[in-house]
Each structure stands twice: as C-alpha cells, then as structure tokens.
Amino acid sequence: MFAGSLVLGVTLIAFAGWLHHQDTQGWPSENFSTDLDKKYHTRRTRSRRRIHVILAGCGFAAIVAAFFGLGAVWVAMWCSVMVALVVVVLLAGIDAIHTQRYLKSKMPELRKQMLQEESD
C-alpha cells in the first residue's frame with residue numbers, strides 16, 4: 001500500500017502541475033483575440049486553478065497516507081481525497097456550464113466569420 005499511495009500521490013501532483021502549465025500557456029488550438037475570449041480565458045484559468053490545487057492536495061494527502069500507514073490518519077487522508085475528488089467533479093461540471101455559456105455568446109461571431117470565409 002505504501003508504494004501504491006506514493007505513486008498515486010506523485011502522479012496526481014505531476015498531473016495537476018501539467019494541467020496548470022497547459023492551461024496558463026494555452027492549448028495549441030486556442031486563440032483568445034477578442035475581449036469576450038480574453039474574459040473567458042481569465043475566468044477559466046482562475047476556475048481551473050482551484051481544481052489543480054485540489055488535485056495537488058489529493059496527491060499530497062495520498063503521500064501523507066502512505067507514510068502514516070494503516071490507522072486513523074490513513075482513513076482520514078483517503079476520506080478527504082474522496083470528498084475532494086467529488087468536489088473536483090462538481091467544479092468541472094460548473095466549468096462545463098461556463099464554457100457552454102461562452103460558446104453560446106460567441107456563436108454570432110463564429111457565424112459571421114464562417115459566412116465571411118464562404119464569400120471569399
């Protein structure tokens with residue numbers, strides 16, 4: 001259990017770091033040129049930073065559980081990981097709603113751009 005918790009903890013911390021790096025640098029296909037895009041990106045980065053911190057905290061809790069072994073601390077750490085991951089899923093759902101609203105408000109701009117490309 002020690003090795004498994006340690007590997008899982010380090011993996012969660014590394015994954016959270018990688019996600020945060022990708023989100024702050026921007027994904028390859030992203031282009032935030034308009035004010036609406038920049039506002040969405042700022043909001044999304046702030047929202048996702050919370051998720052990355054929670055994931056890193058889960059990794060830290062798994063490492064703590066590994067070093068303490070079976071007992072009350074181990075149970076407390078894994079229960080906190082379970083609750084934190086449920087929170088991550090809920091925050092991801094909220095992020096999906098924000099993305100849907102952004103795309104809905106961006107749709108007229110995209111239609112205009114597509115019509116302009118077709119006429120050229």
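The structure is a predicted model, in which local features need pLDDT of at least 70 and side-chain atom pairs count only at pLDDT 80 or more, while totals for chains, interfaces and linings use all residues. Residues are numbered from 1 along each chain as its sequence is written, and side-chain values use heavy atoms, with hydrogens and water left out.

The chain holds three helices and zero strands, in the order α-α-α along the sequence. Its radius of gyration is 19 Å, well over the 14 Å that the globule rule gives for 120 residues, so the chain is more spread out than a compact globule. That radius is taken over C-alpha atoms, and the globule rule is 2.2 Å times the number of residues to the power 0.38. Helices here are DSSP runs of H or I with at least four residues, strands are runs of E with at least two, and both are numbered from the N terminus. The C-alpha trace spans about 70 × 25 × 20 Å along its principal axes. Within helix α2, His41 gives a sense of length: its C-alpha atom is separated by 36 Å from that of Ala65, 24 residues apart along the chain.

Of the 120 residues, 25% are buried. Buried means under 20% relative accessible area, exposed means over 50%, and partly exposed lies in between, with a 1.4 Å probe and protein chains only. His41 counts as buried, at 17% relative accessibility.

The salt bridges come next. A salt bridge is a side-chain nitrogen of Lys or Arg within 4 Å of a carboxyl oxygen of Asp or Glu, and by this rule the count comes to five. One of them joins Asp23 and Arg48, at 3.6 Å from N to O. This pair links distant parts of the chain, with Asp23 in helix α1 (residues 2–25) and Arg48 in helix α2, 25 residues apart. Asp23 is buried at 2% relative accessibility, whereas Arg48 is partly exposed at 21%.

Arg48 also forms a salt bridge with Asp95, at 2.9 Å from N to O. Since Arg48 lies in helix α2 and Asp95 in helix α3, the pair ties together parts that are 47 residues apart in sequence. Salt bridges that share partners join Asp23, Arg44, Arg48 and Asp95 into one network. Asp95 is buried, with 8% relative accessibility.

Another salt bridge is formed by Asp37 and Lys106, whose closest N and O atoms are 3.1 Å apart. Asp37 is in helix α2 and Lys106 in helix α3, so this pair ties together parts that are 69 residues apart in sequence. Both partners are buried: Asp37 has a relative accessible area of 1%, and Lys106 has 9% relative accessibility.

Patches are made of residues with over 30% relative accessible area and no salt bridge, with like charges joined within 9 Å and nonpolar side chains (Val, Leu, Ile, Met, Phe, Trp, Tyr) within 5 Å. Accessible areas come from the Shrake-Rupley method with a 1.4 Å probe, and for residues only the protein chains shown count as cover. Lys and Arg count as positive and Asp and Glu as negative, while His and the chain ends are not counted. The place of a charge is taken as NZ of Lys, CZ of Arg, CG of Asp or CD of Glu.

Lys39, Arg43, Arg46, Arg49, Arg50 and Arg101 form a positive patch. Helix α2 (residues 35–68) supplies its largest share, five residues. Arg101 sits in helix α3 (residues 72–119) and is exposed, with a relative accessible area of 57%.

A nonpolar surface patch of about 420 Å² is made by Phe2, Phe67, Phe68 and Val73. Among these residues, Phe2 belongs to helix α1 and is partly exposed, at 40% relative accessibility.
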